[in-house]
Structure formats: structure tokens, C-alpha cells
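Hi,

Here's the structure I promised to pass along. Have a look, and my notes follow below.

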Amino acid sequence: MISGIAHVNLTIPQDTLDQAEEFYGTTLGLTSAPVPELQKGTILWFNIGSSGQQVHITCGATDPSATRHPCFKLPSREELEEVKTSIYDHHVRGGPAAPMAADKPGEANSGTQGKEYPTRFFARDFGGNLLEFTM
């Protein structure tokens, strides 16, 4: 029986691992985890809190119009808003690791609207991966 998700793998453009470290490590605040020796320099692993779950980042084909996405859960509305602001500020600030798109704090999220989605927002990382955040 499936008991959880061990990891989600997201792809980014070739030679952009530094940008992934900045966005996923600094902007999102995920903690880097050691990768297998033979994969150093080709993949990054980030822990999602102490859950045992991870996000793996590898170089490969990207599709900035795809709707597939992971959804990250935050423990409170306050922390959800903090992450939203951090991502949006990085989007506005720009730079190689800046998100391609980010929902603006204080405005409706860019996803489907409805009473089923009271607290969530979306962003697209620098590689075009769609990311959802909720509580």
C-alpha cells in the first residue's frame, strides 16, 4: 500500500542548477540534501521539512505551458502568505533564478476559482515548472 510520496522530480534547463539552488533553497527555504556521489553536479535534492519527502531537480526537457504540478502544503495562512510574498518579490526582482510567473499578494490566485480553493496560489519557477502552494 502506498503510504506517501518519497519525492517529486522537476526538470530545469541544462546548466541551471545554480538557479535551482537559489530558487528552491533561498526563495522557498527548502534544505539541500546530499545526492549520490555519482550524481553530484547533475541533480539537486531538497528536503520538505522533516517529512522524509523531497523535491529532486534534474536537467531535462521543460514545458512552461504544462499544467502538471506539485502542490506544497504550508502549516498556516501566515506562512503561506510569507512564501507567496517571497516568491513574488523574487519574480519582481528578476535575475536568472527568478520565477517566470507568480501570483501577486493581495490578488486572486491564477488558478480555477471556487469555494473549494480558499487558500492557495501558483507560481512558475525559472524553468517553467508550475508550482501550487496551499495550507
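Four aromatic pairs turn up in the structure, with Phe, Tyr and Trp rings (the six-membered one for Trp) pairing if their centres lie within 6.5 Å; planes under 30 degrees apart are stacked, over 60 edge-to-face, and the rest tilted. Phe23, Tyr24 and Phe46 are joined by ring pairs into a cluster.

Before going on: this is a predicted model, where local features need pLDDT of at least 70 and side-chain atom pairs count only at pLDDT 80 or more, while totals for chains, interfaces and linings use all residues. Numbering runs from 1 along each chain as its sequence is written, and side-chain values use heavy atoms, leaving out hydrogens and water.

Tyr24 also shows up among the residues with the most contacts inside the largest nonpolar core, which has 24 residues. (Such a core is a set of buried Ala, Val, Leu, Ile, Met, Phe, Trp, Tyr and Cys residues joined through side-chain atoms within 4.5 Å; buried means under 20% relative accessible area with a 1.4 Å probe, protein chains only.) Ile87 is another on that list, and its contacts (heavy atoms within 4.5 Å) include Leu28, Phe121 and Phe133, leaving aside residues up to four places away in sequence.

Then there's Asn129, which counts as buried because its relative accessibility is 13%. A polar atom of the Asn129 side chain sits 2.7 Å from the backbone oxygen of Thr11.

Cheers

Technical notes: Buried means under 20% relative accessible area, exposed over 50%, partly exposed in between (1.4 Å probe, protein chains only). A polar contact is a pair of N or O atoms within 3.5 Å; within protein, one must be able to donate a hydrogen and the other to accept it, and residues adjacent in sequence count only if both atoms are side-chain atoms.
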